[in-house]
Amino acid sequence: MICLIPVCQGSAERVAMSSFNPNADQPLNNTPLLSVRDLRVSLQTAQGQVDALRGVNFEMQRGETLGLIGESGCGKSLTALAIMGLLPERAQVLGSVQLNGAELTTLSDAQLCQMRGARMAMIFQEPMTALNPLHPIWKQIAEPLQLHQGMSVTAAKARALELLERVQLPRARERLDAYPHQLSGGQRQRVMISMALACQPDILIADEPTTALDVTVQKEVLSLIRQLVSEDGMGLLLISHDLGLMREQVERVMVMYGGTVVESANTQDLFEMRAHPYTRGLFAARPRLGLKRGTRLQTIPGHVPEIFNWPQGCAFAERCPIAVPSCAVVLPALEPVRPTVTDPLTAHWVRCPIWQTLEASA
Ligand code: SF4
């Protein structure tokens, strides 16, 4: 189950861990596959050090799917990069990220390199920029196999073919020696997926994996990712701003705004009832079937504040229809929407103490 959990503090400093084992297999009993606790990231900008993630908490078990949704600049991709250890230089990390019980925030760069590709993998938004234009695709798929599993070139090439067939790349054998520019966008994304799956990672992070694809290919690629995740029993963290896609692809959704999670619920619950004013705005702004021609979509007034202008409290305060002066001063805690349902594994959580005000005025 995916759950929100209480916070705890950790160290940002990366030090070697004597117990580090990138090949540790299954989680220990009851150890979540991925555990993120009070994850905080501050970045160095021209305006000085800014808090870009302000305490993200969740857990995920093997085989589970979790969606992160929100506007650009709210912290979705940064959360993914922090998990992968791919933050910009001089970023400061606090809190804890554990994979199979192993703390990642304290690993050295060399140790993180051993984890990436082998235990955790990421599919990026634009495969053309993520693939190396100078190497044939088989070489790029074979690289993690040679690096992490010590495969010979011949064995890695044979495995690359198997992987390309598994992701249903048409005429995979003929395309082994193709370069990225010789493939379509959908085909390149299939290559990225086969690279990500090459070493059978425990967790797959897909950051807007279909944004660059047309609608029909999007659906195919997402169904493929979901099928492969289910077959291999991985955990899937899917990042998107597409609500329809979330509804079809993930079991639980976390809505992010201003570097923190403002609402979290099982997907079905969230689609039945939204609590946070920001989530409501997002849902109201989505295009829906059946809208009359000429109907204007609703928008959320204003725009996401620049990171260095976030108020101390709720970052949505300037755009919120029910904000009160104290909102900008203190960041509210996550609280259960239904006080009687507080099981961290299944409850619906919201970071707004007066969300019912909007409910009453709706
Ligand atoms: S009412 Fe206040 S705390 Fe709630 S979403 Fe609006 S600004 Fe944020």
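This is a predicted model: local features need pLDDT of at least 70, side-chain atom pairs count only at pLDDT 80 or more; totals for chains, interfaces and linings use all residues.

Student: How is the packing of two helices to be read, for instance that of α7 and α8?

Tutor: One considers the angle and the separation of the axes. Helix α7 (residues 185-197) packs on helix α8 (residues 215-232) at an angle of about 15°, and their axes are 10 Å apart. Angles under 35 degrees count as roughly parallel, and α7 and α8 are therefore roughly parallel to each other. The crossing of α7 past α8 is right-handed. On the α7 side, G185, G186, Q189, I193 and L197 make the contact, and on the α8 side V217, E220, V221, L224, I225 and L228. These contact residues comprise seven nonpolar, three polar and one charged.

Student: At what angle do α4 and α5 pack?

Tutor: Helix α4 (residues 137-149) and helix α5 (residues 153-166) pack at about 120°, with axes 8 Å apart. This crossing of α4 past α5 is also right-handed. From α4, W138, I141, A142, L145 and Q146 meet V153, A156, K157, R159, A160 and L163 of α5. Eight nonpolar, one polar and two charged residues form that contact.

Student: Where does pLDDT stay under 50?

Tutor: That applies to residues 1-27, for which the model has 64 contacts beyond four places in sequence. The protein chain averages a pLDDT of 86, and 90% of the residues score at least 70.

Conventions. Residues are numbered from 1 along each chain as its sequence is written. pLDDT is the predictor's confidence in each residue, from 0 to 100. Two residues are in contact if their C-beta atoms, placed from the backbone, lie within 7 Å. Axes are lines fitted to C-alpha atoms, for helices over the stretch in contact, and angles run from 0 to 180 degrees between N-to-C directions. Helices (H or I, at least four residues) and strands (E, at least two) are DSSP runs, numbered from the N terminus. Angles under 35 degrees count as roughly parallel, over 145 as roughly antiparallel, 65 to 115 as roughly perpendicular and the rest as oblique. A crossing is left-handed if the near helix is turned anticlockwise from the far one by less than a right angle, and right-handed if clockwise. Ala, Val, Leu, Ile, Met, Phe, Trp, Tyr, Cys and Pro count as nonpolar, Asp, Glu, Lys and Arg as charged, and the others, Gly among them, as polar.
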